[in-house]
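Here's a quick briefing to read with the structure open beside you. Take a look around it first, then work through the points.

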Amino acid sequence: MSQPDPVTRATHRVVASPAGRTHLVEQGAGPLVLLVHGFPESWYSWRHQLPVLAAAGYRAVAMDVRGYGRSSRPEDVASYGMLDLVEDTVAVVRELGEETAVIVGHDWGSTIAAHSALIRPDVFRAVGLLSVPYAPPGGPRPSDIFAGMGGDEEIYVSYFQQPGRAEAEIEPDVRGWLAGFYAAFSAETMPGPGAPDPHFVSRGGTLRERFPADHSPAWLGENELDFYAGEFERTGLGGALNRYRNMDRDWEDLADYRGRPITRPSLFLGGALDASTTWMAEAIRAYPTTLPGLISSHILDDCGHWIQQERHEEVNAILTAWLASLPA
């Protein structure tokens with residue numbers, strides 16, 4: 001069952017968007033900071049940031065991405081392309097009565113934020129990227145890259161791309177699957193060196209086989225897990241998984257942006273134990289070229305993938321300092 005709203009003095013609202021409707025949670029007044037979550041999360045992933053940003057003098061707004069929570073969940077898989085998601089972020093800014101915003105994203109939200117700033121720099125005056133580094137569009141077709149990873153095993157991205165396949169694993173026990181997925185990529189509970197890598201699936205196997213058993217990270221209490229489970233037990237995981245099913249379509253749709261840098265002021269925050277940081281180390285090294293507006297970049301030691309939940313105090317301090325440094 002979903003818990004009551006954990007963010008005091010926050011306002012829930014629904015606005016019109018190309019998705020149909022987009023659910024938002026808003027707190028504070030001042031310059032708009034739009035927070036975009038990743039997989040498999042929700043606006044709730046920013047519960048530690050909303051009150052802090054509000055107290056710092058910002059209008060902090062966390063959205064449910066299309067396919068999640070109380071936002072619309074289009075049936076067509078093709079409705080979850082990156083260009084559609086960028087249109088949603090622009091629509092949210094406009095529906096809130098603003099002309100510009102700072103956008104901050106985590107995981108897939110980082111990629112959505114990056115492409116929002118890339119495609120609509122007139123709307124997004126700065127961009128913060130958490131966990132997943134920016135890599136400009138282009139290169140080989142994504143499905144070809146992922147098919148070549150893992151040897152005899154299959155990387156989770158490929159596993160997620162076939163409609164219905166991951167759902168069949170998750171749906172019988174959404175709460176248990178989410179608990180294992182969160183634990184597998186948290187610093188304190190992730191499998192140790194030499195253990196089977198939870199980013200990969202054995203042939204004919206499941207991701208869950210490699211999740212830690214009966215271990216929960218400190219950031220994920222019963223109330224937090226209840227909230228996430230309640231959301232996905234209500235909506236299912238199909239809409240969330242459809243993001244993975246559009247990666248080749250994105251590669252085609254974003255052809256005009258291949259190799260382009262993001263020139264807006266930017267921030268990057270990654271966890272030292274997060275595969276997104278280590279696997280994409282080359283993308284981080286390329287930031288002088290790909291993120292020429294980079295103001296602040298940090299890798300947090302002993303931190304996993306769920307950075308703004310695992311280490312919320314440090315993330316809040318870095319985020320508010322970066323926001324304060326931005327041109328008015």
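What follows covers the sheet, the core and the salt bridges.

This is a predicted model, in which local features need pLDDT of at least 70 and side-chain atom pairs count only at pLDDT 80 or more, while totals for chains, interfaces and linings use all residues. Residues are numbered from 1 along each chain as its sequence is written, and side-chain values use heavy atoms, leaving out hydrogens and water.

**The sheet**

- Helices (H or I, at least four residues) and strands (E, at least two) are DSSP runs, numbered from the N terminus.
- Eight strands make up an open sheet with mixed pairing, in the order β1-β2-β4-β3-β5-β6-β9-β10; two strands pair if DSSP finds at least two bridges between them.
- At the edges sit β1 (11-17) and β10 (294-300), each pairing on one side only.
- Strands β2 (residues 20-27) and β4 (residues 59-63) run antiparallel and are joined by four bridges; Q27 has A60 as its bridge partner in β4.

**The core**

- The largest nonpolar core has 97 residues, and F39 and F160 have the most contacts inside it. A nonpolar core is a set of buried Ala, Val, Leu, Ile, Met, Phe, Trp, Tyr and Cys residues joined through side-chain atoms within 4.5 Å.
- "Buried" means under 20% relative accessible area, "exposed" over 50%, and "partly exposed" in between (1.4 Å probe, protein chains only).
- Leaving aside residues up to four places away in sequence, F160 touches F39, A166, W177, F181, L207, L241, Y244 and R245. Contact here means heavy atoms within 4.5 Å.
- Helix α7 (residues 174-184) is mostly covered, with nine of its 11 residues buried. Among them are W177 and F181.
- Those buried α7 residues pack against α5 (156-161), α6 (165-170) and α8 (222-235).

**Salt bridges**

- A salt bridge is a side-chain nitrogen of Lys or Arg within 4 Å of a carboxyl oxygen of Asp or Glu, and the count by this rule is 16.
- R13 and E26 form one of them (3.2 Å, N to O). R13 lies in β1 and E26 in β2, so this pair ties together parts 13 residues apart in sequence.
- R66 and D88 form another (2.6 Å, N to O). R66 is buried at 5% relative accessible area, and D88 is buried too, at 1%.
- R175 also meets E222 in a salt bridge (2.7 Å, N to O). R175 is partly exposed at 27%, whereas E222 is exposed at 53%.
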